Amino acid sequence: MKNKFSVKRLLLLLAALVAIACVIVPIPYYVEGPGATIDLSELITVNGKEDDFPGSFSLTSVGIRQATVLTAAKAKFSDFEEVVSKEALMGGATTEEYDQMQAYYMESSQNAAIEQALKLAGKPYEMSYLGVYVMSVEPNSTFYGKIAVGDTVTQVNGKSFASADELVAYVHGQTVGDTVTVTYLHDGKEKEASGKLIALPKPNEGKAGIGISLTSHTEIKTDESIKFDVDNIGGPSAGLMFTLEIYQQLVGKDLRKGLDIAGTGTMEADGTVGQIGGIDKKVASASESGAKVFFAPKGSSKEDTNYKEAKAAAKKLGTDMKIVPVGTLADAVAYLEQMN
């Protein structure tokens, strides 16, 4: 009788431990769901003044948290949550590299928003080239472990370049196996690393390369004081909403007419609004916040657009929030100007 009681207690204890583990022990997956909808008047200040017009322009975000067995199971039954692997989320990058890339995307998003808002407002500015931002380093590169994601390459063999394309063209003109010296900035400090050029895969098959993916790292200069307070926010998808907030403050004109307006979409150099991921979750977040209008990237394909996904999400939620398709910054401003 005593042994039976002991076994029962042991089984109950094990069951309790398993239940606790399901709740608190992380597993190698992540749960994506609706994140925060944030009023941009709290994050952006132009020329030392705050936006005191009624209503709001808000960015929307996707919340990401490491999964447990319980949260992963719960997500399977949610319309607006999704379980993803680390590989699917980070594309093979380390956590540190992923954070670096998200920080770069946020910086680029701010620069693009400032440029487009200044251009639309007719304010002068200059764009300066800082170097080439490292987005990834191939494991077979001789610079692997030397140059890291987030570094800015400023020179190759002592030569400076006016764009990422110029740097790439120079390196392609060298021979596989040549030793080159790369000058780069790491955490604001200038460093050098030497290594041999490798043969690149398609679409540049046979050409010499360092073995890094890169993009131009730029900085915008203007007499207008535009300040962001965006700690712990990453990615490029707030570009459109950043631009609208900055533009309204620059021109001192009430664009939103007292409405709470949310949205998403990257801001491209030609003024187009780019597609983003997780828009269904952003629609859910905006609806929960009480937004009345949601700007969604229109896209160029009628079959697969963020706007189509956003409309489907709004229908599933049963929200009366208006989903507005925007292909360009001009589309968004035109919609705002015709609102009653």
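The following dialogue examines how several terms apply to this predicted model.

Mentor: Local features need pLDDT of at least 70 and side-chain atom pairs pLDDT 80 or more, while totals for chains, interfaces and linings use all residues. Residues are numbered from 1 along each chain as its sequence is written, and side-chain values use heavy atoms, without hydrogens and water.

Trainee: Why is valine 23 called partly exposed?

Mentor: Buried means under 20% relative accessible area, exposed over 50%, and partly exposed in between (1.4 Å probe, protein chains only). Valine 23 has a relative accessible area of 46%, and is therefore partly exposed. Valine 23 lies in helix α1, where helices are DSSP runs of H or I with at least four residues and strands are runs of E with at least two, numbered from the N terminus.

Trainee: What makes a set of residues a nonpolar core?

Mentor: The members are buried Ala, Val, Leu, Ile, Met, Phe, Trp, Tyr and Cys residues joined through side-chain atoms within 4.5 Å. The largest such core has 38 residues, and Phe295 is among those touching the most other members. Helix α6 supplies the largest share, seven residues. A second, separate core of 20 residues includes Phe143 and Val153.
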